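User: I would like to learn how to read the features of a protein model. Please take me through this one step by step.

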Amino acid sequence: MQTVLIIEDEKDLAELVSFNLEKEGYRTITAFDGASGLEAARSHPPDLILLDLMLPGMMGMEVCKILKKSEKTARVPVIMLTAKGEEIDRVVGFEVGADDYVVKPFSTRELLLRIKAVLRRSLPDAPAGKVLAIGPVTIDPDRHTVAVDGEEIVLTTTEFKLLLNLAERLGRVQSRDLLLKNVWGYNYVGDTRTVDTHITRLRTKLGRGGDLIRTVRGFGYKMEDA
Ligand code: CA
């Protein structure tokens, strides 16, 4: 049974979402503010986190940043719950690293589809391949780990999948649309800027290894061995 942590200060909404998810066979944990949400995520890392953007005290973006920086929770996918007009680009983009977002008010059906899609893409691809060594970058698809110059770095599930997609097709250019489809999934409602912001963050995290990811202007990205 998969566990979903719901961090949402509107108690009625949190309870409604919890009720509907449990009806679908998920286990749920509910937290009404950021601090207790973080506490819950750390003590028992869930399979997925639904995180409200506007929370009292610590805001959703801050909570997400902390989750994505911590070794223990970095790989737990986060779906942000946002209101219309909130800064979605910043949420799913460079700064915060959420895996997806759902705009309020949302239907149960819509939320469930997003949850299923995000959980599907966070599963390790089976059968996992052999360890890839490209310049200073080592990728272990089995263990879901990445190291640069032997130093392990923490990537989110989406960043890992993006890197693996590029690494497995070394030297081949991939369009933003193709990456969006392969990494985020067919049903992802977003645009190709999502790819750009994730590439930027991935390059930063890879440090010296980030240079191996090349931009092919007007088309997409490729990874090259030095
Ligand atoms: Ca709220």
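**Reading strands, helices and rings**

Analyst: In strand β7, V137 is the bridge partner of I134. This is a predicted model: local features need pLDDT of at least 70, side-chain atom pairs count only at pLDDT 80 or more, and totals for chains, interfaces and linings use all residues. Residues are numbered from 1 along each chain as its sequence is written, and side-chain values use heavy atoms, with hydrogens and water left out.

User: How many bridges join β6 to β7, and how do these strands run?

Analyst: Strands of a sheet pair through backbone hydrogen bonds, either parallel or antiparallel. Two strands pair if DSSP finds at least two bridges between them; strands (E, at least two residues) and helices (H or I, at least four) are DSSP runs, numbered from the N terminus. Here 3 bridges join β6 to β7, and the two run antiparallel. They form a hairpin with 2 residues between them, and G135 in the turn has a positive phi of about 55°.

User: What joins β7 to β8?

Analyst: Strand β7 (residues 137-140) and strand β8 (residues 145-148) are antiparallel and joined by 4 bridges. I139 stands opposite V146, and D140 stands opposite T145. This hairpin has 4 residues between its strands, with H144 in the turn at a positive phi of about 60°.

User: What is the order of the strands in the open sheet?

Analyst: The 4 strands have the order β6-β7-β8-β9, with antiparallel pairing. The edge strands, β6 (132-134) and β9 (151-153), each pair on one side only. Neighbouring strands are turned by 25° against each other on average, direction ignored. Axes are lines fitted to C-alpha atoms, for helices over the stretch in contact, and angles run from 0 to 180 degrees between N-to-C directions. Helix α6 (residues 157-168) packs on the sheet and touches β6, β7 and β8 (contact: heavy atoms within 4.5 Å); its direction makes about 105° with that of β7.

User: At what angle do α7 and α8 cross?

Analyst: Two packed helices are described by the angle between their axes and the distance between the axes. The axes of α7 (residues 176-184) and α8 (residues 193-206) come within 9 Å and cross at roughly 75°. That makes α7 roughly perpendicular to α8 (65 to 115 degrees). R176, L179, L180 and W184 in α7 meet T194, V195, D196 and H198 in α8.

User: Which ring does the charged end of K11 sit over?

Analyst: A charge sits over a ring if NZ of Lys or CZ of Arg is within 6 Å of the ring centre and within 35 degrees of the ring normal. The charged end of K11 sits over the ring of F32, 4.6 Å from its centre.

Note on methods:
Angles under 35 degrees count as roughly parallel, over 145 as roughly antiparallel, 65 to 115 as roughly perpendicular and the rest as oblique.
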